[in-house]
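Reader: Could you walk me through this one while I keep the viewer open? I'll ask as I go.

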Amino acid sequence: MKSISIVFVLFVMLSMVYAIPAVYAEDDDEEDREGFGEMKREREHQDEGIPLGTDIGNVILYGTIAAIGASIAYTAFKITSSKRKSSPKS
Amino acid sequence: MTIKKTNWKFVVFLTLLSLLVIPPTLAYADDDDEAEDIVENLGWVAVGAGIMANIPFIAMNKIRRYAIKTGSSTVQVAKQIRTVYKPILNFHIMLNSIGYFAGMTHGLLLSRHLDSISLSLAIVMSVMMISGLLLKYTSSRNSKIFGKLLHGQFGLVILLAALVVLHIVVGDD
């Protein structure tokens, strides 16, 4: 019971860590829309890097996720195959 | 034992509290050029810590394995390396933790410029960190083997290095 409550508190605190900056950033975006200079600066920032949702961006992101999934699957396969080898045949 | 447990909880609480306080106060970091420089430097801290933590550790492991493989004359070298293994492992864990949290803070504070490379980098870093924690803190044999195999995957290390280089190149443009 105690461990469950600790996990719950940790979860709430961690979600707050992620949620609070996002809320602040949202406020900031609204303020940025005042004035031409700020809009221009915002557009300049959008040109940086490879944005999410573009073709190359999707390839990089999904490629990374696929690579991680493949390595986890490979690790699990290695463990199960070595277990099968070590267990006596019936 | 009880004092140790309380200390551990206190450290976790303080870490979470500081995490709660720092991101909101620096959420406006993008607005100020000087603050943005500081946040960018956090990324360089992460890169530096990663290089310092991993290159000596990987080199040491490779030398030790090679020494054991080659035979009787080099076994002495492997034995000597074994004596310094624990401090170097602690150094590796400490610097990697610093690098991870510096990198994540850098990413959170500059989340407005989030792109696919940064997100991929954050995912790979988290996977490596979780597998490292699994390796260090679990007592179950299966999860230990799983953590060891996943943490030492050469493909993931190459992917991480490639994403770091891409992130630096794209960020500099």
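**Helices, contacts and cores**

Author: A place to begin is G147(B), which sits in helix α5 of chain B, where helices are DSSP runs of H or I with at least four residues, strands are E runs of at least two, and both are numbered from the N terminus. This is a predicted model, in which local features need pLDDT of at least 70 and side-chain atom pairs count only at pLDDT 80 or more, while totals for chains, interfaces and linings use all residues. Residues are numbered from 1 along each chain as its sequence is written, and chains are lettered from A and ligands numbered from 1 in the order in which they are written.

Reader: Is G147(B) buried or exposed?

Author: G147(B) is buried, because 21 other C-beta atoms lie within 10 Å; the cut-offs are 20 or more other C-beta atoms within 10 Å for buried, 12 or fewer for exposed, and partly exposed in between, with C-beta atoms placed from the backbone.

Reader: And what does G147(B) touch, not counting residues up to four places away in sequence?

Author: G147(B) touches S131(B), L134(B), L135(B) and T138(B) on that count, a contact being two C-beta atoms, placed from the backbone, within 7 Å. The C-alpha atoms of G147(B) and S131(B) are separated by 4.8 Å, although the two are 16 residues apart along the chain.

Reader: At what angle do the axes of α4 and α5 of chain B cross?

Author: The axes of α4(B), residues 116–137, and α5(B), residues 141–151, cross at roughly 140 degrees and come within 8 Å; such axes are lines fitted to C-alpha atoms over the stretch in contact, with angles from 0 to 180 degrees between N-to-C directions. The crossing is left-handed, that is, the near helix is turned anticlockwise from the far one by less than a right angle, clockwise being right-handed. On the α4(B) side the contact is made by M128(B), S131(B), G132(B), L134(B) and L135(B), and the α5(B) side includes F146(B), G147(B) and L150(B).

Reader: How many of those contact residues are nonpolar, polar and charged?

Author: The contact of α4(B) with α5(B) divides into five nonpolar, five polar and two charged residues, where Ala, Val, Leu, Ile, Met, Phe, Trp, Tyr, Cys and Pro count as nonpolar, Asp, Glu, Lys and Arg as charged, and the others, Gly among them, as polar.

Reader: Moving on, which residues of the largest nonpolar core touch the most other members?

Author: They are L121(B), V124(B), M125(B), M128(B) and L163(B), in a core of 13 residues; a nonpolar core is a set of buried Ala, Val, Leu, Ile, Met, Phe, Trp, Tyr and Cys residues joined through C-beta atoms within 7 Å. Two or more residues come from each of α3 (55–86) of chain A and α4 and α6 (154–172) of chain B, and α4(B) gives the most, with six.

Reader: What else is M128(B) in contact with, beyond four places in sequence?

Author: M128(B) is in contact with H151(B), L156(B) and L160(B). There is also a second, separate core of five residues, which includes A46(B), A49(B), A53(B) and A102(B).

Reader: What about I123(B), also on α4(B)?

Author: I123(B), in helix α4 of chain B, counts as partly exposed because it has 16 C-beta neighbours inside 10 Å. Leaving aside neighbours within four places in sequence, I123(B) is in contact with T64(A), I65(A) and I68(A).

Reader: Which residues of α3(A) are buried?

Author: In α3(A), I60(A), T64(A), I68(A) and T75(A) are buried. The 32 residues of α3(A) should span 46 Å at 1.5 Å a residue, and the end C-alpha atoms are 46 Å apart, which agrees; the expected span is 1.5 Å times one less than the number of residues.

Reader: Where is I50(A) found, and what does it touch?

Author: I50(A) is in the loop between α2 (36–46) and α3 of chain A. Not counting residues up to four places away, I50(A) touches I56(A), G57(A) and I60(A), as well as D115(B), S116(B), I117(B) and V170(B).

Reader: And how many helices are there in each chain?

Author: Chain A has three helices and zero strands, while chain B has six helices and zero strands. Buried residues make up 6% of the 90 residues in chain A and 23% of the 173 residues in chain B.
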